[in-house]
Amino acid sequence: MNLTATYLQKCNGIIETVKAQQHQIQQTAQWFAESILAGRVVHLFGSGHSRIMVEEMWPRYGSFPGFNPIVELSLTNHNNVVGANGQRQAMFLENVSGLAERILRNFNLSDKDCALIVSSSGSNIVPIEMAELFQQKKIKTVALITTQHSAKSKSKRADGKKLSDFADIILDSGAPAGDSMIYIDGLETPVSPGSTVGGIMIVNCIKAELAKLLTEAGHPPKVLTASAIVGDAKAKELFEAAYDEHAQRMSALYNNVGKGQ
């Protein structure tokens, strides 16, 4: 078997892992629908490559408003790699205690909100503290981790707690410990990770279930849609309407910030 076939075979295993989580995915979508129908948002957070799942959720084709994508450039900038704004700094900062509180201090949070926190290892301090703070605010919190990888990862927190300790629902990307899935003769360490494959499938399953619930509730979402499907005029109309709704929802997050905090 060639390595392409091997990788795809392992991805089939990830599909089975995602398939086994349909109940958790549907419950997540139900919670998210309740927040969005209440005029609130679902907060999304991921540092490092986990931001990919945040961007996949919103905004991109086939997505819709109702989300607050929290993506800190200091934790996610990747193209410089070294030098100013390099990866050494980002990896350091994602383990600085107190940064999550500084980020969330910008928003007027509500117990009607929900949150989705993405971290493959579930062991870095910022995503852990982010989830902990959301739970303190009585916000339903969903963690998307890689179960096998998290189990073999050591928490950076002194108390040893991980992201899964502060989650109401835990979703598993289905990748192996270490994430990478392909071993090559003569190469000491594996290549080709799988957590993004599983993570992207999970967030899009949530998105589909959520769109169904919103539509059934009489509030079909304004979906960012390609002109190849609906034509230029309709595509522009949908984009403008979706971005306007996002702005309106975000305005509620800035209203009265600091009062009672």
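Predicted model: local features only at pLDDT ≥ 70, side-chain atom pairs only at ≥ 80, totals over all residues.
Visitor: Why does Asp113 count as buried?

Guide: Its relative accessibility is 1%, and buried means under 20%. Asp113 therefore counts as buried.

Visitor: Which residues does Asp113 touch, leaving aside those up to four places away in sequence?

Guide: Asp113 touches Ser35, Arg40, Val41, His43, Ile139 and Lys140.

Visitor: What makes the link between the side chains of Asp113 and His43 a polar contact?

Guide: The distance is 3.0 Å, and a polar contact requires a pair of N or O atoms within 3.5 Å, one able to donate a hydrogen and the other to accept it. The side chains of Asp113 and His43 are therefore listed as making a polar contact.

Visitor: Where does Lys156 lie, and why does Lys156 count as partly exposed?

Guide: Lys156 lies in the loop between helix 8 (147-151) and strand 5 (169-172). Its relative accessibility is 45%, while buried means under 20% and exposed over 50%, with partly exposed in between. Lys156 therefore counts as partly exposed.

Visitor: Which residues does Lys156 touch, again leaving aside those up to four places away in sequence?

Guide: Lys156 touches Asn95, Ser123, Asn124 and Ile125. With one of these, Asn124, the side chain of Lys156 forms a polar contact of 3.5 Å.

Visitor: How far apart are Lys156 and Asn204 in sequence and in space?

Guide: They are separated by 48 residues in sequence and by 30 Å in space, from C-alpha to C-alpha.

Visitor: Why are helix 2 and helix 9 called oblique to each other?

Guide: Helix 2 (residues 22-37) and helix 9 (residues 195-216) pack at an angle of about 50°, with their axes 8 Å apart. Roughly parallel requires an angle under 35 degrees, and roughly perpendicular one of 65 to 115. The two helices are therefore oblique. Helix 2 passes helix 9 in a right-handed crossing. Residues including Phe32 and Ile36 of helix 2 and Leu210 and Leu213 of helix 9 make the contact. By class, this contact has eleven nonpolar, three polar and one charged residues.

Visitor: How do helix 1 and helix 9 pack?

Guide: Helix 1 (residues 3-19) packs with helix 9 at an angle of about 35°, their axes being 10 Å apart. This crossing is right-handed. Among the residues in contact are Tyr7 and Cys11 of helix 1 and Met201 and Gly198 of helix 9. The residues of this contact divide into nine nonpolar, one polar and no charged.

Conventions: Residues numbered from 1 in each chain as written. Heavy atoms only, no water. Buried < 20%, exposed > 50% of the residue type's maximum accessible area, 1.4 Å probe, protein only. Contact = heavy atoms within 4.5 Å. Axes fitted to C-alpha atoms, helices over the stretch in contact; angles between N-to-C directions. Helix = DSSP H or I, 4+ residues; strand = E, 2+ residues; numbered from the N terminus. Parallel < 35°, antiparallel > 145°, perpendicular 65-115°, else oblique. Left-handed = near helix turned anticlockwise from the far one by under 90°. Nonpolar A, V, L, I, M, F, W, Y, C, P; charged D, E, K, R; others polar.
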